[in-house]
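Visitor: Hi there! Could you walk me through this one in plain words?
Guide: Happy to, so let's bring it up.

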Amino acid sequence: MHITSKERLQEKIAAWSAFGDAGHGGITRLSLSAPALQARAEFARRAKELGLTLETDDLGNMYATRSGSEKLPRIAMGSHMDSVVCGGNYDGILGVLTGLEVVETLAREKIPTRHPITAMVWTNEEGARFPPAMMCSGIVTGKFDKAAMMAVKDKEGVAFGEALEKSGYLGDLSKRLNPSDYAAYLELHIEQGPVLEDAGITLGVVEGVVGMCNYTIQTRGQSDHAGTTPMNKRQDALHAASQLICSLYVSLGAIDPDLVFTFGHIDCHPNVHTVIPDEVSFSLDARHRDPAVVGRVVEAIKALPREVVGCAVSFQEAWSRNTVPFHKPFVDLVQKNAEALGYSWKRMYSGPGHDAQYVQDMLPSTMIFVPSIRGHSHCEEEKTNLDDCWKGANVLLNTVLDIDRA
Ligand SMILES: [Zn+2]
């Protein structure tokens, strides 16, 4: 077994935490913003220092490659360097830095590989400045239309394409991740939930990304004066929505213990304290690895009453995605290496989406999870113990070497 350097990894995490430092242990590093460009420049500088070949594609995705001894497709590792507003120093960036640390270990210890090994950076995974999330892995794998994505504007009216051109990281379409030049893709990521920490386990062997459905549910009543309308004469759309939400907590909660669901967004019209609401819409996001369980959520929505407390009820599917299973032989290699290195592990599915789930459509892929302290993520408190980050990097290194030998 080979191991990476804990000291070097610690230095990397500290170095990148300066790019977009938000002042309370976290960062704001929106895609293609000034701090994101500093983070890219540092990646490029270190790649050159290690003698890697640096390429960017037409979406600004970066690829730093150490050559192999044979003419074989590359093995890639990567994640993203952009964050949400006041995000943490681990989401995404840890996958980039462990990838870089793996290549650095290979280079410094002169470990030969047959395949070229690539550490990569995806542009705009979070979609916090330019929606949607996973934009560029989505374009590369044919999920999103490039022209439409280039035209997406941020709050200041700057288009993604414009920001990309100004960044200096606009490269060539031929450099994109593709199934003939690449053999595999691996992504290490923080869990972003509390399961590993609660179980006292070091590594998540990720079997796939859970499927989900996302619905918008509306209630429509009648606005009237809040002071003059007796309670029994009201058609209060918020009363109706609250009844629906409470009954869905009960019905969905009974479907399966591993089902997670969230009513994360509510619009209430006219949202004035003296007016009875006439229109309310709310979102329902439900996730489970088993499509049959997601199907039962859909059935529960379809079985909603058409009228509640005098208000009309309607619903639409906003979007959905199927469960994405990762490449089983790679999943097994991750588990084997965690075991061989003496680390505790647990097989699990990812609740959040990741670039790897799109890449899996194109290349054999898998992910490695490391524990998130108290499950915090997308906040400045987000943290993973250095020891766990390093252990994850060691599993990543040995999994790359196994794929290289195969
Ligand atoms: Zn992420």
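Visitor: What do the buried residues of H6 pack against?
Guide: The buried residues of H6 pack against helix H5 (146-150). Helices here are DSSP runs of H or I with at least four residues, strands are E runs of at least two, and both are numbered from the N terminus.

Visitor: Before we go on, what kind of model is this?
Guide: This is a predicted model, where local features need pLDDT of at least 70, side-chain atom pairs count only at pLDDT 80 or more, and totals for chains, interfaces and linings use all residues. Residues are numbered from 1 along each chain as its sequence is written.

Visitor: Back to H6, then. Which of its residues are buried?
Guide: In H6 (residues 160-167), Phe-160, Ala-163 and Leu-164 are buried. A residue is buried if 20 or more other C-beta atoms lie within 10 Å of its own, exposed if 12 or fewer, and partly exposed in between, with C-beta atoms placed from the backbone.

Visitor: Where do those three sit around the helix?
Guide: They cover an arc of only 100° around the axis, so they are on the same side of H6. The arc is that of the directions from the helix axis to the C-beta atoms.

Visitor: What comes just after H6?
Guide: Gly-168 does, with a positive phi of about 85°. In the loop between H6 and strand S5 (182-190) you will also find Asn-178.

Visitor: Is Asn-178 buried or partly exposed?
Guide: Asn-178 counts as partly exposed, because it has 15 C-beta neighbours inside 10 Å. Asn-178 and Pro-73 are 105 residues apart in sequence, and their C-alpha atoms are 9.8 Å apart in space.

Visitor: New topic: which residues of H1 are buried, and which are exposed?
Guide: In H1 (residues 6-16), Leu-9, Lys-12 and Trp-16 are buried. They cover an arc of only 60° around the axis, which puts them on the same side of H1. On the other side of H1, Glu-7 and Ala-14 are exposed.

Visitor: And what covers the buried ones in H1?
Guide: The cover includes helix H2 (34-49), helix H3 (93-108) and helix H12 (386-405).

Visitor: Let's zoom out. How many helices and strands does the chain have?
Guide: The protein chain has twelve helices and 15 strands. Buried residues make up 47% of its 406 residues, and the C-alpha trace spans about 80 × 45 × 40 Å along its principal axes.

Visitor: Which domains does the assignment give?
Guide: There is domain 1 (6-209 + 323-405) and domain 2 (211-321), with bounds from an automatic or database domain assignment. Their centres, taken over C-alpha atoms, are 36 Å apart.

Visitor: How many residues are in contact between them?
Guide: Four residues of domain 1 are in contact with five of domain 2, where contact needs C-beta atoms, placed from the backbone, within 7 Å.

Visitor: Last one: which strands does S7 pair with?
Guide: Strand S7 (residues 211-220) runs antiparallel to strand S10 (residues 279-288), joined by ten bridges. S7 also pairs with strand S12 (residues 311-321) in the antiparallel sense, over nine bridges. Two strands pair if DSSP finds at least two bridges between them.

Visitor: What stands opposite Tyr-215?
Guide: Leu-284 stands opposite Tyr-215 in S10, and Glu-317 does in S12.

How values were computed:
Two residues are in contact if their C-beta atoms, placed from the backbone, lie within 7 Å.
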